[in-house]
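Open the model in your viewer and keep the selection tool at hand. We will go from stop to stop.

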Amino acid sequence: MVMELNRSGRERQTAHEFVREALRRAIFRGELAAGEHLIQAEIASQLSVSVTPVREALRDLATEGLIMLDSHRGGIVRGTSREDLEEILRIREKLEPMAVELSVRNATDSELDSAEQLANEMIVEPDLGAWVELNRRFHCLLHDAMRSRHLTAIFNRLEDAAALCTAQSQRIEPTIRRRANNDHLDLLRAYRQRDAYAALAVQIPHTALSLNSLPSSSTPAR
């Protein structure tokens, strides 16, 4: 197991946060492939931390749906497929109109400013793992603006579930990222104009951006 480490900002993170970020980005970049075993002692040695933050990070990644916990080995990286994303899209298709209407109505200028900052960071971010994290934060920020605890929880969980699909699709077709970045700016423009119809017209095809690049059952989820 080899991970490319970026220690920038390490001093501002706990060991738990550092390990979680390193593993998450390695999964998104494909350095940790589907089915790969994550052994706590090996990770701790490679990242120069104790086993405790590794164990905590693995629990977080399991909650996000990126790995399955394995009591004997630590964890196993989950796979994903076109069918996974199709299921996510079917769910979102039913809920998206309500979600976008609530977000557009309730998002504050401060929240939109924060979302715009994330969108601008994504435009210049070269690392796929970091980009996928920023993308999730961007969309979760807009989900939080719904002011609906249950609907926000559903959408944030769907963002977690789609993150692997997003990463895999961009490894296959890197040009998707440029289109996604443009969509984010168009989406924010519609939000600032309080135009839910325009926002929905951007959001629905944006959510499906990754679909066409994913082969059917290419990496079945475990």
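Buried means under 20% relative accessible area, exposed over 50%, and partly exposed in between (1.4 Å probe, protein chains only). This is a predicted model: local features need pLDDT of at least 70, side-chain atom pairs count only at pLDDT 80 or more, and totals for chains, interfaces and linings use all residues. Residues are numbered from 1 along each chain as its sequence is written, and side-chain values use heavy atoms, with hydrogens and water left out.

**Stop 1: a buried pair**

Select aspartate 127 and arginine 29. Both are buried. Their side chains meet in a salt bridge, 2.9 Å from N to O. (A salt bridge is a side-chain nitrogen of Lys or Arg within 4 Å of a carboxyl oxygen of Asp or Glu.) This pair links distant parts of the chain, 98 residues apart. Arginine 29 is in helix α1 (residues 15–29), and aspartate 127 is in the loop between α5 (109–124) and α6 (128–144). Helices are DSSP runs (H or I, at least four residues), numbered from the N terminus. The structure holds 17 salt bridges.

**Stop 2: toward the surface**

Now select aspartate 109 and arginine 194. They form a salt bridge, with the closest N and O atoms 3.6 Å apart. Aspartate 109 lies in helix α5 and arginine 194 in the loop between α8 (176–192) and α9 (196–207), so this pair ties together parts that are 85 residues apart in sequence. Aspartate 109 counts as exposed, at 51% relative accessibility. Arginine 194 counts as partly exposed, at 36%.

**Stop 3: helix α4**

Select residues 82–106, helix α4. Glutamate 86 and arginine 82 form a salt bridge here, their closest N and O atoms 3.3 Å apart. Why about one helical turn between them? Because they are four residues apart in this helix.

Move to leucine 95. A kink of about 55 degrees lies there, shortly before proline 97. (The bend at a residue is the angle between axes fitted to the seven residues ending there and the seven starting there.) Buried residues of α4 include Leu85, Leu89, Arg92 and Glu96.

**Stop 4: a charged network**

Last, select Glu21, Arg24, Arg25, Glu64 and Glu133. Which kind of contact links them? They are joined in a network of salt bridges.

Key: Helix = DSSP H or I, 4+ residues; strand = E, 2+ residues; numbered from the N terminus.
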